[in-house]
Amino acid sequence: MVVSADVRDVAGMSEGTGEGSDDLFTVAVEQFTIAADVIGLEDDLRGVMSHCQRELTVHFPVEMDDGSVKVFAGHRVQHNSGPGPTKGGIRFHQSVTLSEVKALAMWMTWKCAVVGLPFGGAKGGVQVDPKLLSQAELQNLTRRYTAEIQPFIGPTVDIPAPDVNTNPQVMAWLMDTYSMNVGYSVPGVTTGKPLVLGGSAGRSEATGRGCVFGIEEAARHLGIPLVGSRTVVQGFGNAGSVAARLMAEDGSKVVAVSDSRGGTYNPAGLDLDAVARHKERTGSVAKFSGGDTISNSELLVLDCEILIPAAMEGQITEDNAHDVKARIIAEAANGPTSPEADRLLYERGVVVVPDILANAGGVTVSYFEWVQALQAFPWSEQQVNERLREIMRRSFAEVAGTAETYGVHLRTAALVRAIERVAEISRLRGIYP
Ligand code: NAD
C-alpha cells in the first residue's frame with residue numbers, strides 16, 4: 001500500500017448529505033476529472049461520464065391531513081446505465097436540489113463500480129422535511145412521488161433504496177405503489193425492504209459489517225494487530241453501532257462512541273451491550289455511567305489505532321486533521337473527511353479507507369437483495385455475510401494494488417478503478433445509434 005503524499009486526491013466520494021450543496025455536482029465533476037487525469041482518460045469518455053444520462057424533475061400534489069394540498073418538488077437522476085440497471089437511494093430532506101441528486105447519482109456509479117456490482121448509479125430526492133409530516137402524509141407523499149417516477153424506475157431499469165430519512169416502511173409503500181400500478185407484486189423494484197416483503201437477511205448490518213471487513217484488510221496490510229487495538233466510533237446508529245460491535249468481536253477495545261448528543265470514553269474499553277441498553281433507555285449514548293463524558297470533537301482526536309466516522313459529513317477537516325491519532329480511518333459515513341484533511345492525513349501516513357469502498361457493504365447487500373427478489377429465492381444470513389466478505393476483500397486488494405500502481409492513496413485509487421471499469425464498459429458497448 002502506498003502512503004506517500006498525493007496532492008491530487010479528491011474529496012469524500014459518497015452519497016453525502018448535501019447540506020449547502022448547490023454546487024455539489026461541480027465538485028463531483030472536479031473529483032472525476034482529477035482521477036481521469038491520473039489514468040489519462042480520453043476526452044470522448046470524459047464528456048460522457050461527466051454528465052448524467054437522465055434527469056427527471058417532478059412537481060406533485062399531496063393532500064395533507066387538514067385537507068389542504070401542498071406541491072412538492074422531487075428528482076430522480078440516472079448517471080450512467082452502461083454497467084447495468086441503475087441503483088441508488090431516495091432521500092427526503094429539505095435541502096435536496098437537482099445538483100445534489102446528480103452528484104449523488106454519479107458517486108453511486110463509482111461506488112457500485114469499485115466493488116464490481118452490475119449497476120450504474122442513480123439517486124432520488126424529494127425536497128421536504130419529513131419530520132413535519134404525519135405518517136399518513138408521509139405515505140401520501142411517497143406514493144405520489146413513486147407514481148410520478150414510475151416510468152423511470154423498475155426492477156431491470158432503476159432500483160431505489162433507502163437513504164437519508166427514508167426507511168424500510170417507505171420502501172414498502174414504494175414497492176406497493178409500483179406493484180399496484182402494474183397489477184402484480186414486483187419485489188425487485190426496490191431494496192431495503194422489510195424482511196417479510198423480500199428484504200435480505202444481513203441488510204441492516206451490511207454497512208457496518210462491510211466497513212469492518214475493510215478495516216481487517218487495511219490492518220493486515222499495515223501490520224496492525226486488531227486484537228488489543230483501540231477503536232473509536234463517531235455515530236452510534238445503524239452503521240456505527242454494528243461496526244463497534246464487530247470490532248469488539250475482532251478483539252479490539254472500543255474505547256469511545258458518540259452520537260449527536262455527545263460521547264462516552266473508557267480507556268479500558270466500553271461494555272457495548274450496556275451502552276446499547278443505556279441508549280435504548282435514554283435515547284443517547286451520552287452520560288453512560290461506564291465511561292467519562294466526551295465531546296464529539298474530543299473523540300475524533302483520541303489516542304487509538306482505528307477511527308470510524310459513522311455519523312455526518314465534514315467531521316475531519318484541516319482544523320483537526322493534524323491532531324487525529326488514529327492510524328486507520330474507515331469512512332462508514334459518507335464524506336466525513338474534507339479534501340484538505342485528506343491531504344494532511346496522507347502526508348502523515350494515516351490510511352483512510354474511503355467511503356466509496358468502506359461503506360459499500362450497504363449497496364452490496366442491496367444487490368444481493370435484488371438478486372434474491374429476481375430469483376424468489378432467499379439466502380441465509382451466513383451466505384450473505386460470506387459473499388459480502390469475499391467482495392470487500394477482493395475490492396480492497398484491487399484498490400490497494402491500484403494505489404501502488406499509480407502512486408496515489410486509497411481514495412484516488414478507488415475512484416481510478418471505478419472510472420476504468422465504467423470506461424471499459426463504455427468502450428465495449430460503443431455508441432448507439
Ligand atoms: P443513523 O441515523 O442510524 O445513525 C447516525 C448516528 O450519528 C446517530 O447515532 C446520530 O445520533 C449520530 N450523529 C448525528 N449527528 C452527529 C454528530 N454531529 N456528531 C456525532 N454523531 C452524530 O444513520 P446510519 O444509517 O448509521 O448512517 C450514518 C452514516 O453512514 C451516514 O453518513 C450514511 O450516509 C452512511 N451510510 C449508511 C449506510 C447504511 O446502509 N445505513 C450505507 C452507506 C452509508
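The domain assignment of the protein chain gives two entries, domain 1 (21-197) and domain 2 (206-358); such bounds come from an automatic or database domain assignment. This is a predicted model, in which local features need pLDDT of at least 70, side-chain atom pairs count only at pLDDT 80 or more, and totals for chains, interfaces and linings use all residues. Residues are numbered from 1 along each chain as its sequence is written, and side-chain values use heavy atoms, with hydrogens and water left out.

The C-alpha centres of domain 1 and domain 2 lie 29 Å apart. Across the boundary, 4 residues of domain 1 are in contact with 4 residues of domain 2. Contact means heavy atoms within 4.5 Å.

**The sheet**

Strands (E, at least two residues) and helices (H or I, at least four) are DSSP runs, numbered from the N terminus. An open sheet is built from 5 strands in the order E1-E2-E4-E3-E5, with mixed pairing. Two strands pair if DSSP finds at least two bridges between them. Strand E1 (54-63) and strand E5 (158-162) stand at the edges with a single partner strand each, so one side of each has no neighbour in the sheet. From one strand to the next, the twist averages 25°. Angles run from 0 to 180 degrees between N-to-C directions, and axes are lines fitted to C-alpha atoms, for helices over the stretch in contact.

Two pairings are set out here.

| Pair | Bridges | Direction | Facing residues |
|---|---|---|---|
| E1 and E2 (residues 69-78) | 10 | antiparallel | His 59 and Ala 73 |
| E3 (residues 86-93) and E5 | 5 | parallel | Thr 86 and Asp 158 |

E1 and E2 form a hairpin, with 5 residues between them. In its turn, Gly 67 has a positive phi of about 90°.

**A pocket**

The second largest pocket has a volume of about 510 Å³. On a 1 Å grid over the protein atoms alone, a pocket is an open set of points where a 1.4 Å probe fits, with protein on both sides within 12 Å along at least five of seven lines. Grid points are joined across faces, edges and corners, and a volume is the space filled by probe spheres set on the points.

Which residues lie nearest the centre of this second largest pocket? They are Val 48, Ser 426, Arg 429, Gly 430 and Ile 431, among 17 lining residues. Lining residues have an atom within 4 Å of a point. Helix H2 (43-49) and helix H14 (410-429) each supply at least two residues of this lining.

**Backbone details**

The peptide bond from Tyr 432 to Pro 433 is cis, with omega near 0°. Pro 433 sits in the segment after H14.
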